[in-house]
Structure formats: C-alpha cells, structure tokens
Amino acid sequence: MEALLARHSVAVKRLGAPGPSAAELLSIYEAATTAPDHGALRPWRLIEIGNEARPQLAQLFIDGKRRSQSELSAAEIEREREKAVRPPVLLAFVARPIANHPTVPAVEQLASAGAAMQLVLVAAHFLGYGAIILSGARCADRNVMASLQIGEDEIFLGFISIGSIVDEPRFGKRPEIHQVVSKMERLKIELREEATVV
Ligand SMILES: Cc1cc2nc3c(=O)[nH]c(=O)nc-3n(C[C@H](O)[C@H](O)[C@H](O)COP(=O)(O)O)c2cc1C
C-alpha cells in the first residue's frame, strides 16, 4: 500500500535515461493486460514509439502547434520537441471500443482501457520509474493519429512517457476521501416507471 499511495505523475521535463529495459517494459505491458475486461474484448492497444519515429513525431507536434499559433518562440518549439524526444519510453495509448456490443457498452470498454492505462503507470512506478499520461491537442491532431496508424474509429487517449526521475517531481494534491466516497447504510428507495436504462 505504501508503494501504491506514493505514486505520482512525473512531468516529461523531469524524466531522463535510463528508461525501462526490454524485459521491464514487457512486464509493464503484462501488468496492463491484468485490467478488468468485461467479455475479454481487449478494448485498447499500445504503440511503442521507437527512436527513428521521435524526430518525425516532434515535427508533427511543432507543425500542429504552428497551425493554432503562427508565431512560435524557440522555447515553445523546444517544448513540443521535448514531448516527443525526451522520454526514454514513449507509448501511444489507444482505446478501441466496439460500438453497439450486445452486452458490453462502449463506456465500460473505455473504463477497462482507463484501468489498463493506470496499470502502466503503477507498474512503471513499482519498477522505480516516473511516468505521466499526456493528451491535449497533440492527441487530437489528425496528422499525428494518421502517422501513428490510429484509425478514425479508435480513440487516442494519450501518450504515456516513462523514464528515470532525474529532477525532483512536484506532486499534485489528492482529493479528500469524503469528496469521492460516500456510504449508504439504507437505500432511499425510488422507483421509476421506465426502470431500464437504455
Ligand atoms: C487520459 C488522460 C489524459 C491526460 N492528459 C493530460 C494533459 O494533456 N496535460 C496534463 O497536464 N495532464 C493530463 N492528464 C493528467 C496527468 O496525467 C496526471 O494524472 C495529473 O497531472 C495528476 O497527477 P497524479 O497522477 O500525480 O495525480 C491526463 C490524464 C489522463 C487520464
């Protein structure tokens, strides 16, 4: 529990070499496959972004940023580049919910994908690495999606960066437990005419 509660996301600028070894990475992927998965639909997939792809991705990030903002400072260009080239391991996490499945609604499949994402973060943390999920405009960029071969019927949930923690991370606040947990000793019975949610 101590290890689990100590997990925090680590910003890309605080990640560096070395990243997980091939064997460690495999165990991170195996951890992700333990996500609860109604109907064993495997509603997600991961793309490992290799070394040659990094500068290509950096260029796509910079081009995308330039479309929303014509003048980019050197620092802004560097920030885009860093997101693609700095993390020792960079993964694209893609949800692939089956629409209109007879028993498993798409939202349930997305919940399964979310659980798998968290397992990647937790497994990386247990191995001593820092990690973070980032989405934003980069994940909504059709050029990025197409170049990563992510289909229009898939959902690009985010990039997961993993590496050694090379700079002291800043930790965000957690919610108070009472904000997210309530207890019902007794139900307040309410009956609806249309009882089944469609
Ligand atoms: C799918 C997904 C996408 C996210 N995208 C971003 C993002 O683009 N930018 C950002 O600052 N945080 C993003 N976050 C939140 C961070 O990954 C992280 O959870 C947050 O900073 C809280 O840190 P913690 O994990 O230490 O609680 C995203 C989280 C999820 C689940």
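## Backbone features in the loops

In which loop does Arg42 lie? In this predicted model, Arg42 belongs to the loop between helix 2 and strand 2. The phi angle of Arg42 is near 50°, a positive value in a residue other than glycine. With a relative accessibility of 56%, Arg42 counts as exposed, because the cut-off for that class is over 50%. Ala40 is likewise found in the loop between helix 2 and strand 2, and its phi, near 45°, is also positive. Ala40 has a relative accessible area of 45% and is therefore classed as partly exposed.

A further backbone feature concerns the peptide bond from Ala17 to Pro18, which is cis, with omega near -5°. Pro18 is located in the loop between strand 1 (15-16) and helix 2. Most residues other than glycine have a negative phi, and most peptide bonds are trans.

## Overall architecture

The chain comprises 7 helices and 5 strands, and their order along the sequence is α-β-α-β-α-α-β-α-β-α-β-α. The C-alpha trace spans about 60 × 40 × 35 Å along its principal axes. Of the contacts in the chain with a separation of 6 or more, 80% are between residues 24 or more positions apart.

Of the 198 residues in the chain, 36% are buried. The accessible surface amounts to about 12700 Å², and carbon and sulfur atoms contribute 55% of that area.

Which residues of helix 2 (residues 22-32) are buried? They are Leu25, Ile28, Ala31 and Ala32. These residues lie on the same side of helix 2, because they cover an arc of only 110° around the axis. An α-helix has 3.6 residues a turn, so residues three or four places apart point the same way.

Ala22 and Ala23, on the other side of helix 2, are exposed. The cover over the buried residues of helix 2 includes strand 2 (44-48), strand 3 (89-95), helix 5 (106-126) and strand 5.

## Ser164 in strand 5

Strand 5 also contains Ser164. Is Ser164 buried or exposed? Its relative accessible area is 15%, and Ser164 is therefore buried, the cut-off being under 20%.

Leaving aside neighbours within four places in sequence, Ser164 is in contact with Arg14, Leu15, Gly16, Ala17, Pro18 and Tyr129. Ala17 and Pro18, both among these contacts, are the residues joined by the cis peptide bond.

Rolling a probe the size of a water molecule over the atoms shows where empty space is left. The structure holds 1 cavity of 30 Å³ or more, and the volume of the largest cavity is about 70 Å³. Its lining is formed by Val12, Phe61, Lys83, Leu90, Ile132, Leu134, Ser135, Arg138, Phe159 and Ser161. Strand 4 (130-134) and strand 5 (155-165) are the elements that each give two or more residues to this lining. By class, the lining of the largest cavity has 6 nonpolar, 2 polar and 2 charged residues.

## Largest pocket

The largest pocket contains about 180 Å³ of space. Phe61, Gly64, Lys65, Arg67, Ser68, Glu80, Ala137, Arg138 and Asp141 line the largest pocket. Helix 3 (residues 53-68) supplies the largest share of this lining, 5 residues. The lining of the largest pocket divides into 2 nonpolar, 2 polar and 5 charged residues.

Note on methods. Residues numbered from 1 in each chain as written. Predicted model: local features only at pLDDT ≥ 70, side-chain atom pairs only at ≥ 80, totals over all residues. Heavy atoms only, no water. 1 Å grid on protein atoms, 1.4 Å probe; cavity = no way out; pocket = protein on both sides within 12 Å on 5 of 7 lines; lining within 4 Å. Points joined across faces, edges and corners; volume = space filled by probe spheres on them. Helix = DSSP H or I, 4+ residues; strand = E, 2+ residues; numbered from the N terminus. Nonpolar A, V, L, I, M, F, W, Y, C, P; charged D, E, K, R; others polar. Buried < 20%, exposed > 50% of the residue type's maximum accessible area, 1.4 Å probe, protein only. Contact = heavy atoms within 4.5 Å. Arc of directions from axis to C-beta. Areas by Shrake-Rupley, 256 points an atom, 1.4 Å probe, with all protein chains shown as cover.
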